[in-house]
Amino acid sequence: MKDIQTLLLAHGPLLVFVNVLLEQAGLPIPAYPLLVVAGALVLHGDLSWPLTLGAAVLACLIADAAWFAGGRRFGAGLLSTVCRVSISRDSCIRQTQSLYWRTGPRVLLVAKFLPGASALSTVMSGFAGLPFRTFLSYDAAGSLIWAGSALIVGIAFNDMVGVVLDALAEYGGYGLLAVAVALALYLTYRWIRRARTIRRFAHVRRVTLDELEEMRAAGCVPVLIDVRANSEQPLPGAVAVDPHVKAADGRFPWPLDAHIVVYCACPQEISAAVMADRLLKAGYRNVSALAGGYDAWVARQRTAQGPGEPAPSRG
């Protein structure tokens, strides 16, 4: 692991720039440890503090600007793509949107400290229509805080950094093996947990868009419940409901024999299935989740409108 110091001494801010850029672009190449080591070298006069910090912040801004542009251009489609590689992909979209709508661009100040939140928050900024200047100011401040804190840690604990590097040089192979085993066990646990969640709500009936249209054509107009975090551009006639908030009196305002269809914008319709399960337990007999959710409806609308025409926003 002494090679890290050697590489930093040889390439300095350029290595920092490349490492941070690749990490912020989404590759699993952690940059914070490198910045900590760079901070220790800054203290000893081997690296320039302004150049190192500037390289890190510039890399963050370049990568984040690309995510922001993608969020503005592709909206929730890009958000959904990013969430597909998330460990908690079933709740990823809702949690990301909920966090952003609660905090706004202020989340960019701390997003880089939260695993997986950096790209998601920048995509959400573009998707939400945040002005680029506002985004840039918050993102620059967040990047400065993140990179600066790593350098400060390296400066404050420079002796400890040297000890850690020596230990990693001697026992690094065993340490990496332990980390790999722990990561594999964690991923296995999350996969098992997700599989159990899917099985838990497998009893909730799914209806397709075609079946929903058939119900309406037959004169049965179902109650449509939208459980997305941001319920903009809902299906016609839909009612927005937070699936995690209980009714004040434990009851819902619809008759128990009402036909209810719940939809979300998440893989496996998990959020919709959670709400549908609550309704079933409350005594409702005709509850379903919309197969494919909001994305299926958006795709249907785009097909109906044809190329070149605007499609509904995916909230």
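**A chat about the helices**

Student: Where does Asp 139 lie?

Tutor: Asp 139 lies in helix α8. Keep in mind that this is a predicted model.

Student: Is Asp 139 buried or exposed?

Tutor: Asp 139 has a relative accessible area of 1%, so it is buried.

Student: And which residues is Asp 139 in contact with, leaving aside its neighbours within four places in sequence?

Tutor: Asp 139 is in contact with Cys 60, Leu 61, Asp 64, Leu 108, Lys 112 and Thr 122.

Student: Let's follow Cys 60, then. Which helix is that in?

Tutor: Cys 60 lies in helix α4. Its relative accessible area is 0%, so Cys 60 is buried.

Student: What does Cys 60 contact, again skipping neighbours within four places in sequence?

Tutor: The contacts of Cys 60 are Val 20, Gln 24, Lys 112, Asp 139, Ser 143 and Trp 146. Take Trp 146: it is 86 residues from Cys 60 along the chain, and their C-alpha atoms are separated by 9.9 Å.

Student: What else does Trp 146 touch?

Tutor: Not counting residues up to four places away in sequence, Trp 146 touches Val 20, Glu 23, Gln 24, Ala 31, Tyr 32, Leu 35, Cys 60, Lys 112 and Phe 113.

Student: Okay, new topic. Which residues touch the most other members in the largest nonpolar core?

Tutor: That core has 22 residues, and Leu 8, Val 16, Val 20, Leu 35 and Trp 146 touch the most other members. The elements giving two or more residues to this core are α2, α3 (32-43), α4 and α8 (132-156).

Student: Which of them gives the most?

Tutor: That's α3, with 7 residues. Apart from this core lies another one of 21 residues, including Phe 252, Trp 254, Cys 266 and Tyr 284.

Student: You mentioned α2 and α4. How do those two pack?

Tutor: Helix α2 covers residues 13-24 and helix α4 covers residues 49-74. They pack at an angle of about 25°, with their axes 8 Å apart. Angles under 35 degrees count as roughly parallel, and α2 and α4 are therefore roughly parallel to each other. Their crossing is right-handed.

Student: Which residues make that contact?

Tutor: On the α2 side, Pro 13, Val 16, Phe 17, Val 20, Leu 21 and Gln 24 take part. On the α4 side, the contact includes Leu 51, Ala 55, Ala 59, Cys 60, Ala 63 and Trp 67. By class, the contact of α2 with α4 has 14 nonpolar, 2 polar and 1 charged residues.

Student: And how do α4 and α8 pack?

Tutor: The angle between α4 and α8 is about 140°, with their axes 9 Å apart. These two helices are therefore oblique to each other. Here too, α4 passes α8 in a right-handed crossing. By class, this contact has 18 nonpolar, 3 polar and 3 charged residues.

Student: How far apart are Ala 147 and Thr 52?

Tutor: In sequence, Ala 147 and Thr 52 are 95 residues apart, while in space they are 9.2 Å apart, C-alpha to C-alpha.

Student: How many residues of α7 are buried?

Tutor: In α7, 11 of its 11 residues are buried. Among them are Ala 117, Leu 120, Val 123, Met 124 and Phe 127. After α7 comes Gly 129, whose phi is positive, near 80°.

Student: Last one! How many helices and strands does the chain have?

Tutor: The chain comes to 12 helices and 5 strands. Of its 315 residues, 42% count as buried. Among contacts between residues at least 6 apart in sequence, 75% join residues at least 24 apart.

How values were computed:
Residues are numbered from 1 along each chain as its sequence is written. This is a predicted model: local features need pLDDT of at least 70, side-chain atom pairs count only at pLDDT 80 or more; totals for chains, interfaces and linings use all residues. Side-chain values use heavy atoms; hydrogens and water are left out. Axes are lines fitted to C-alpha atoms, for helices over the stretch in contact, and angles run from 0 to 180 degrees between N-to-C directions. Helices (H or I, at least four residues) and strands (E, at least two) are DSSP runs, numbered from the N terminus. Angles under 35 degrees count as roughly parallel, over 145 as roughly antiparallel, 65 to 115 as roughly perpendicular and the rest as oblique. A crossing is left-handed if the near helix is turned anticlockwise from the far one by less than a right angle, and right-handed if clockwise. Contact means heavy atoms within 4.5 Å. Ala, Val, Leu, Ile, Met, Phe, Trp, Tyr, Cys and Pro count as nonpolar, Asp, Glu, Lys and Arg as charged, and the others, Gly among them, as polar. A nonpolar core is a set of buried Ala, Val, Leu, Ile, Met, Phe, Trp, Tyr and Cys residues joined through side-chain atoms within 4.5 Å. Buried means under 20% relative accessible area, exposed over 50%, partly exposed in between (1.4 Å probe, protein chains only).
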